[in-house]
Amino acid sequence: MKKSLFLIILICFLSGCAVPLPKEKLDYVGDWQSKEMRLLILADGTVAYKRLKGGGTTSINGPLKKFVGNDFVVGVLFMTTKFEVSIPPTEEGGHWVMTVDGVKLKRIDE
């Protein structure tokens, strides 16, 4: 019972650490995909990331901590990851695209 209560408190704490996206960064919100990467960014600051590279998979699910220019930091406490955005969200040929960590992503609209 104590472990369950601790887990519930931890999940509530971690989910409460997300920073909602500022109005000037709302173009980042969406489901961004390429053949090797998927990046889901929600307006409440929740981020889910998965990348296939070199025969392995890297995934991160966590709260958005802050923006540093066009880049953004995701994670909790000292366990954070900085996503380098070389081309921020831009409309191109009727689709939204951005380049994150050297990968061009297309926003998948529902």
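Tutor: Helices (H or I, at least four residues) and strands (E, at least two) are DSSP runs, numbered from the N terminus. This is a predicted model: local features need pLDDT of at least 70, side-chain atom pairs count only at pLDDT 80 or more, and totals for chains, interfaces and linings use all residues. Residues are numbered from 1 along each chain as its sequence is written, and side-chain values use heavy atoms, leaving out hydrogens and water.

Student: Is Glu91 buried or exposed?

Tutor: Glu91 sits in strand E7 (residues 85-92). Its relative accessible area is 52%. Buried means under 20%, exposed over 50%, partly exposed in between (1.4 Å probe, protein chains only). Because its area is 52%, Glu91 is exposed.

Student: How far apart in space are Glu91 and Arg107, C-alpha to C-alpha?

Tutor: In sequence they are 16 residues apart. In space, the C-alpha to C-alpha distance is 9.8 Å.

Student: How many aromatic pairs are there?

Tutor: Rings of Phe, Tyr and Trp (its six-membered ring) pair if their centres lie within 6.5 Å; planes under 30 degrees apart count as stacked, over 60 as edge-to-face and the rest as tilted. Phe67 and Phe72 make a tilted pair, 6.0 Å centre to centre with 55° between the planes. Ring pairs link Tyr28, Tyr49, Phe67, Phe72 and Phe83 into a cluster. The count of aromatic pairs is five.

Student: What is the angle between the planes of Phe72 and Phe83?

Tutor: Phe72 and Phe83 are both buried; Phe72 has a relative accessible area of 1%. Their rings are stacked, 5.0 Å centre to centre. Phe72 is in strand E5 (residues 71-76) and Phe83 in strand E6 (residues 79-83), 11 residues apart. The angle between the planes is 15°.

Student: Which element has the lowest mean pLDDT?

Tutor: pLDDT is the predictor's confidence in each residue, from 0 to 100. The chain averages 87, and 84% of the residues score at least 70. Strand E9 (residues 103-107) has the highest mean, 98. The lowest, 51, belongs to residues 2-15, helix H1.
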